[in-house]
Amino acid sequence: MATNTRTSLITLGLSEIQVGVASKAGTMPTALNKIGKTYKDTCKIAQDSADVTEHYEEGMAAPEVRKKSRKIPRLTFSIMDANVQDLVDYVGGENIGSETKPKWGYDGNEVVADKAIFVKTEQGLDFEIPNGDIEAVINADMSAKGIFLVDFTVTPMAVDAGKALRGIPKKNA
């Protein structure tokens, strides 16, 4: 008789979010850099409920068949203190100034390249997205108590090998 060797794994806390070049092949890049300052309490990985189609026999309350179309979990977070290069890389646009005096230019037609994302937690599972579609939007509260944020939604995209989203248990230190 098989025994259950399940161990408890508690995942909590964010250390940092790292970004690199996306890979449709499904491999994570060897070079990753911190994406910026993740705003406190904004990082979440959430999955929407599946779209469900039910088929019924006439006059019956219970479905004969339920067809589920599952959704992939999405990563959301915000960064603060975004600079011109962050806006170019994630929101879109280009530096229409110089290297020493950057200026962000944006008209909304720019395409933002997919990126590889690594979510490094304090404990438990770290998460890899080798090919993530990034939708980043400006969310600036320009009041005296407000802050300039860029809100991110990262959707894991299909890869040729492996899985689009992976959770990796941290090794015991």
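Modeller: Start with S78, which is buried, with a relative accessible area of 6%. Buried here means under 20% relative accessible area, exposed means over 50%, and partly exposed is in between, with a 1.4 Å probe and protein chains only. The model is predicted, so local features need pLDDT of at least 70 and side-chain atom pairs count only at pLDDT 80 or more, while totals for chains, interfaces and linings use all residues. Residues are numbered from 1 along each chain as its sequence is written, and side-chain values use heavy atoms, with hydrogens and water left out.

S78 belongs to strand β7, residues 74–80. Strands (E, at least two residues) and helices (H or I, at least four) are DSSP runs numbered from the N terminus. The S78 side chain makes a polar contact with the side chain of D151, at 2.5 Å. A polar contact is a pair of N or O atoms within 3.5 Å; within protein, one must be able to donate a hydrogen and the other to accept it, and residues adjacent in sequence count only if both atoms are side-chain atoms. If neighbours within four places in sequence are set aside, S78 is in contact with K37, T38, Y39, T42, L149, V150 and D151. Contact means heavy atoms within 4.5 Å.

Next comes the strand pairing. β7 and β12 run antiparallel and are joined by six bridges; two strands pair if DSSP finds at least two bridges between them. In this pairing, M80 stands opposite L149 of β12. β12 is also joined to strand β11 (residues 125–140) by nine bridges, again antiparallel. There, A140 is opposite F148 in β12.

The aromatic residues come next. The structure holds three aromatic pairs. One of them is formed by F77 and F152, which are stacked at 4.6 Å centre to centre with 10 degrees between the planes. This pair ties together parts that are 75 residues apart in sequence, because F77 lies in strand β7 and F152 in strand β12 (residues 148–156). F77 is buried, at 2% relative accessible area, and F152 also counts as buried, at 1% relative accessibility. W104 and Y106 form an aromatic pair that is stacked too, with 5.2 Å between centres and 25 degrees between planes. W104 counts as partly exposed at 26%, and Y106 is partly exposed at 44%. For these pairs, ring centres of Phe, Tyr and Trp (its six-membered ring) lie within 6.5 Å; planes under 30 degrees apart count as stacked, over 60 as edge-to-face and the rest as tilted.

F77 and F152 also form one aromatic cluster with Y90. Y90 is one of the buried residues of helix α1; the others are V84, D86, L87, V88 and V91. Helix α1 covers residues 84–91 and is mostly covered, with six of its eight residues buried. At its start, a side-chain oxygen of N83 reaches to within 3.0 Å of the backbone nitrogen of Q85. After α1 comes G92, with a positive phi near 120 degrees.

Backbone angles also mark two loops. Most residues other than glycine have a negative phi. D81, in the loop between β7 and α1, has a positive phi near 60 degrees and is not glycine. D81 is partly exposed, at 46% relative accessible area. D41, also not a glycine, has a positive phi of about 65 degrees. The place of D41 is the loop between β3 (37–38) and β4 (44–46), and D41 is exposed, at 65%.

Finally, the whole chain. The protein chain has one helix and 13 strands, and from the N terminus its elements run β-β-β-β-β-β-β-α-β-β-β-β-β-β. Its radius of gyration is 20 Å, whereas a compact globule of 173 residues would have one near 16 Å; the radius is taken over C-alpha atoms, and the globule rule is 2.2 Å times the number of residues to the power 0.38. Along the principal axes, the C-alpha atoms fill a box of roughly 70 × 50 × 40 Å. Of the 173 residues, 29% count as buried. Of the contacts with a separation of 6 or more, 61% are between residues 24 or more positions apart.
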